[in-house]
Amino acid sequence: MLPLIPNPRARRLFLDRHALSETPSGQATGQALHDLIERIGFVQVDSINTVARAHEMILWSRRQAFRPPALKRLLERDRSLWEHWTHDASILPARLHGVWQHRFKRDEDRLHKNWKRWFREGYEAQFDNILNRIAKDGPVGTADVGEGEVRGKGGWWDWHPSKTALEWLWRTGRIAVTRRDGFAKIYDLTERVIPEAHRAPVPVEEVAEWACRSALRQLGFGTSGEIAAYWNAVGPEAAKLWCREALARGEIIEAEVEGALGQHRKVFIFPESLDKEPPEPTPRLRILSPFDPALRDRDRAEFLFGFYYRIEVFVPEPKRVWGYYVFPVLEGERLVGRIDVKAFRDAGALRVKAFWPEVGARLTKARRGKLEAELDRLARFAGCERVEFLDGWERETIRVAK
């Protein structure tokens, strides 16, 4: 019989690995901030700024002394972090550049097959022009290239050829993001951005070992599919093979983890992770980014916490269940609700449109006090002077039929 990880313990282990167990205090600059990003693996980047951008919110949720200039220094001055792709655009430790180099070729092969169908013709002809221009004149953004090209008004499918070429060169490792102006990426040659010490490629035969072992440590426990998906650095078959071989060597063991509804799932785990009791999470309530690493895998979050969550940004407003951009709310080891809140900086107000409690997590007097305290902290982080609660903000629990 396989050892069983009860659901409360599984939640505590998972939250601890994502730095969501301890009180969100402590230093949030320099090496301390870098260490936090190392601990959680990566920080997803997203443009939506209803309160703060995703990467900023993720770090603030864990260290509420965090302010965006500290991250900018690590990325643009110290160069200890860099920006590239996991499952989406993310901020990563620069030391991983050597591992990522295997992805550049993989992505080039994959993009070559798809982009000819997705984008306008002509972008390949711009590769050398853009590289030569950057080498000679320095960093460029999309606004600096493509003179005379038709600039579409649609989404990514309507990019002009030079913008597509910039994205291709970034995705395949020829150029790197040297900074962001506002939210616009500014690119330079990779050798000018990534420190030389981090540019040595990791041998391809070591990639699966690193990707799977580190993913399992970050997750605490997981299926081979979850392990493969964490970094999106190796495919499902490579992760299955690593799990079989590591299991045969006795480096990992199989266990069953209990879900929020009592269901069981077979997972892999390091023996020491099973033996060590994870810490009890702080009872502090915190508001999370929809792109928080702990919620990136929506199915895993639903299994562990019973929390069904989907982004409704692209859902027409009449069909939205909750709202355009709704933030999950964590209390202790439970996801207790979701909140629709937006910063109106010109008015100095953080406005709460709605809060929906999860099943069994009604807004008691104590929980309301925690929520109000967290909203006050969030308002200060967002550059607002006060919190305003709009009429009808307290909502009933919504049960979603799936």
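User: How do the residues lining the second largest cavity divide into nonpolar, polar and charged?

Analyst: A quick word on the source: this is a predicted model, where local features need pLDDT of at least 70, side-chain atom pairs count only at pLDDT 80 or more, and totals for chains, interfaces and linings use all residues. Residues are numbered from 1 along each chain as its sequence is written, and side-chain values use heavy atoms, leaving out hydrogens and water.

Now the classes: Ala, Val, Leu, Ile, Met, Phe, Trp, Tyr, Cys and Pro count as nonpolar, Asp, Glu, Lys and Arg as charged, and the others, Gly among them, as polar. A cavity is a set of points, on a 1 Å grid over the protein atoms alone, where a 1.4 Å probe fits but cannot get out; lining residues have an atom within 4 Å of a point. Here the lining splits into 6 nonpolar, 1 polar and 3 charged residues. Trp322, Gly323 and Arg338 are among them.

User: What is the volume of the largest cavity, and which residues line it?

Analyst: A volume is the space filled by probe spheres set on the points, with grid points joined across faces, edges and corners. The largest cavity comes to about 90 Å³. Its lining includes Phe14, His18, Glu226 and Arg300, and by class there are 5 nonpolar, 1 polar and 4 charged residues.

User: How do the axes of helix H2 and helix H3 cross?

Analyst: Helices are DSSP runs (H or I, at least four residues), strands are too (E, at least two), and both are numbered from the N terminus. Axes are lines fitted to C-alpha atoms, for helices over the stretch in contact, and angles run from 0 to 180 degrees between N-to-C directions. The axes of H2 (residues 30-40) and H3 (residues 54-62) come within 11 Å and cross at roughly 100°. That makes the two helices roughly perpendicular (65 to 115 degrees; under 35 is roughly parallel, over 145 roughly antiparallel, the rest oblique). Touching, with heavy atoms within 4.5 Å, are Leu33, Leu36, Ile37 and Ile40 of H2 and Ile58, Leu59 and Arg62 of H3.

User: Where is Ala19 found, and is it buried or exposed?

Analyst: Most residues other than glycine have a negative phi. Ala19 has a positive phi of about 60°, and sits in the loop between H1 (7-17) and H2. Ala19 is buried, at 0% relative accessible area (buried means under 20%, exposed over 50%, partly exposed in between, with a 1.4 Å probe and protein chains only). Arg79 also has a positive phi of about 60°, and is buried at 16%.

Conventions
On a 1 Å grid over the protein atoms alone, a cavity is a set of points where a 1.4 Å probe fits but cannot get out, and a pocket is an open set with protein on both sides within 12 Å along at least five of seven lines; lining residues have an atom within 4 Å of a point.
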